[in-house]
Amino acid sequence: MKKEQMQATLAGRVSQQKNFIGGGTMRDLRIVWSTIDASNRYNSFLIIEFMDEEDYEEFWSISPGVGKSMFLSKKLAGKKVFIPNDVGGYELEFPPYFDEYGRKNLFWYNNVYESYRRALERLTEEWAERLRDYYRKDEEEALWEEARERAEEELNSLPVVRI
């Protein structure tokens, strides 16, 4: 299966996973929060699920950069979430956007926010690239299927914060 076909399949599955409420569909109101490391790689660490569609729309209407982080800092300051890692994990308390000296808190640097669907597509492509050496040319469909499964597994393992 070619990359474009896989993306279309992913888009279809994401839309199928939407909940039906009162005969209509409920939009997927999740974003994936990643940090960027020194090699410009995304490291996804959290999913934010909006409980209000208006907040979700407001978040995406804000221009990229400072505004999105400030929006989230207002919603999340003081909340706690457990972040699992290789040595067990840690409890993260979201800091305010500005520290006690009025400077931007270091926590709010190098963050990237993606829709759940976009993050799933990106991770599927990353997994396909990592797995490519283990598949022959005629096993393209199996490669993309495993890549999609691993991407879904990675996203499903992330902690979720509801706001």
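**Ground rules.** I number residues from 1 along each chain as its sequence is written, and side-chain values use heavy atoms, without hydrogens or water. Because the model is predicted, local features need pLDDT of at least 70 and side-chain atom pairs count only at pLDDT 80 or more, while totals for chains, interfaces and linings use all residues.

**Helices α2 and α3.** I looked up α2 (residues 53-61) and α3 (residues 66-76). Helices here are DSSP runs of H or I, at least four residues, numbered from the N terminus. The pair packs at about 150 degrees, axes 9 Å apart. Axes are lines fitted to C-alpha atoms over the stretch in contact, and angles run from 0 to 180 degrees between N-to-C directions. That makes α2 roughly antiparallel to α3 (angles over 145 degrees). I then listed the contact, meaning heavy atoms within 4.5 Å. Asp55, Glu58, Phe59 and Trp60 of α2 meet Lys68, Phe71, Leu72 and Lys75 of α3. The contact has four nonpolar, no polar and four charged residues. Asp, Glu, Lys and Arg count as charged; Ala, Val, Leu, Ile, Met, Phe, Trp, Tyr, Cys and Pro as nonpolar; the others, Gly among them, as polar.

**Helices α4 and α5.** Next I took α4 (residues 116-131) and α5 (residues 140-156). Their axes come within 8 Å and cross at roughly 125 degrees. That makes α4 oblique to α5 (the class left after under 35 for roughly parallel, over 145 for roughly antiparallel and 65 to 115 for roughly perpendicular). Trp127 of α4 and Trp144 of α5 are among the contact residues. The contact divides into 12 nonpolar, two polar and six charged residues.

**Lining.** Last, I checked what lines the largest pocket: Phe45, Ile83, Pro84, Asn85, Asp86, Tyr90, Ser157, Leu158 and Pro159. A pocket is an open set of points on a 1 Å grid over the protein atoms alone where a 1.4 Å probe fits, with protein on both sides within 12 Å along at least five of seven lines; lining residues have an atom within 4 Å of a point. Six are nonpolar, two polar and one charged.

Key
Helix = DSSP H or I, 4+ residues; strand = E, 2+ residues; numbered from the N terminus.
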